[in-house]
Amino acid sequence: MNIFFQQVLNGLTLGSVYALVALGLTLVYGILHIPNFAHGALYMVGAYAAFYLVGSLGANYWVAMAGAAIVVAALAVLSDRLIFHRLRNAPPLHDMIAAIGLLLFLEAGIQAIWGAEFHRLAPPYPQIVRLFDLVAPAQRLIIIAAAFGLMFVLHLFLTRTLTGSTIIAMAQNREGASLVGIDATKVSVLTFAISGALAAVAATLFAPINLIYPSMGHLVIMKAFVIIILGGMGSIPGAIVGGLVIGFAESFGAFYVSTNYKDIIAFALLVLILSFRPQGLFPSGARA
Amino acid sequence: MTSKTLQKPLLAILLVLAIVFPMVAANDYYIYVMSLAYIMAIAAVGLNLILGYTGQLNLAHAGFMAIGAYTVGILTVDYGVPYWIAFVVAGIVSAVIGFFAGLLSLRLKGHFFSIFTLCVGFMIYLVIEKSDALTHGTVGIIDIPAPTGIGPIRFDNTWSQYYLVLFFLVVSLWLMSRIVHSLLGRAFVAIRNGEDLAETLGINLMRTKVLAFVLSTFYAGMAGALYAGFVRFIGPAMALESHTFDMIAFILVGGIGTLFGPLLGAILLTWLTQSLQFLQDFRMIVFGPLLILLVMFFPQGLIGYWRERQVRRAAASMQDRRLQRSVIGSQQEVSTNA
């Protein structure tokens, strides 16, 4: 029972981190209609920003998280204004290549500053929580609570506020949104800022139980892509459900199948599902 | 037509330059670097077929190059198979795996295809890294034998290996030029320009795309097999997507969808990184923004730019001639009227 509970907890932790990253990715896809390959690099920069704020400036964990979110949000907005916005009329191939260029640049830049070695963010909450005979590290519970809290706030923002619904409107129909007077520039800046902040928060939450290194974003971003393909590109509930599916598949797969191949499970799942359903699991949200 | 008649002597000059290169190169290291650039160019020429001609951004290309290299590595080191047999098998293995990967991934279009192949590439990397028994895992395969001699020719020094690689480069470019100038090549371009239109014209989309994919992975496999025999050490990192990105940079700099673009880009960028030796690990600080600037301001690449200028000039001269003719015609008209 306890072992099973551990796997559930692991699955929830992984799933909520993946879901946060996938959410940002899917939001940007809704606006840009390109897969932002640089999103994983934003996630990585977020982890380094938090690491720097905590390690070198001695900031509090939550302050560092907010700081990282602001830094990465600014970076994401900058990438939109300087690169993606200017390429909006170019063929999609160009956006993808530009995103790859940005990814390479950020990774090499971080590596030039902090080196290729692994870093660790000291766990701010090293306690173990005990409930009956179940044990759980506090950090994992914090990840789950914070991630779901954030998703809930995001959901409220997108559905209950005027600014939030402009994002949805824009994703649904660009021309229509412009017709009713929605400022496309404002919406895309906002979307990029949110997606960057989500990536930074996900990275800061995950960092205390993980390692920080320049290519740390690769696996996460690829899994996030798997998630949004499965969940439907541009679909927000799809990103959350997909994140949890992959999280659980990985934690249970690592335990019952093989730890060595746990990272392949997500991709194997993708191959399997796309072989039978090329349009993804929830094609309604998808735009082919 | 002028460009075609101009091309032949130009190609002959380039070939002579390539043949003379080892004799004028200052030391063996330069020859080594050039050979490496040729090998990367062969892989990039293959990628250009699916990316530049068929318009599908395949991000698993480095993975297929690694499959070719590992096929040679495993067969020669662990099973004592002669190099050239392993070399042929490497091409076949890459193409067969490419066939199945293509069959699966080409059901997806545009972005989905790119993302999917990114995952395929990463799966290849993970499988290579984790399968200790087969691939030696993270350690990689060392002491791969150099290509065995053919008849009296030996491939035991940098010079002879340079010519071997050059030979394969020329063959692969020649083959590629036959492919892209054939009806099949036109079908590839038609798909790039518009899948719906291509389908309406009676092109079997899936079959044609899979064929392009298989051909490109075959090139990757051959390049990988050459790489294994030339560098003689391979590790799982060569399957990483960053190597695919390198090749994309080659193609973009040289000219996407042009025959010689990948080669030109591979040579230029390889020498650029060599001359910025201190940048080895950080080459992406230069390459990353370079990629972005290229797609923003110079998406056609060097050869594409040159060709565009030629076309424009040809169009201008044609217009001149037409103008002259019409002027002459009206003069004649005037004279007959008078």
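How much of residues 59-77 of chain B is helix, and how far apart are the end C-alpha atoms? The span is 89% helix and 0% strand, with its end C-alpha atoms 29 Å apart.

## About the model

This is a predicted model: local features need pLDDT of at least 70, side-chain atom pairs count only at pLDDT 80 or more, and totals for chains, interfaces and linings use all residues. Residues are numbered from 1 along each chain as its sequence is written, while chains are lettered from A and ligands numbered from 1 in the order in which they are written.

## Where the chains meet

Let's look at the interface. In chain A, 37 residues are in contact with 32 residues of chain B (C-beta atoms, placed from the backbone, within 7 Å). Helix α4 (92-114) of chain A gives the most to chain A's side, with 16 residues; helices are DSSP runs of H or I, at least four residues, numbered from the N terminus. By class, that side has 28 nonpolar, six polar and three charged residues (Ala, Val, Leu, Ile, Met, Phe, Trp, Tyr, Cys and Pro count as nonpolar, Asp, Glu, Lys and Arg as charged, the others, Gly among them, as polar).

## A helix pair

The axes of α4(A) and α13 (residues 283-297) of chain B come within 7 Å and cross at roughly 160 degrees (axes are lines fitted to C-alpha atoms over the stretch in contact, with angles from 0 to 180 degrees between N-to-C directions). Therefore α4(A) is roughly antiparallel to α13(B), a term for angles over 145 degrees.

Among the residues meeting here are A:Leu104 and A:Phe105 in α4(A), and B:Phe287 and B:Leu291 in α13(B). This contact has 15 nonpolar, four polar and one charged residues.

Conventions. Contact = placed C-beta atoms within 7 Å. Helix = DSSP H or I, 4+ residues; strand = E, 2+ residues; numbered from the N terminus. Parallel < 35°, antiparallel > 145°, perpendicular 65-115°, else oblique.
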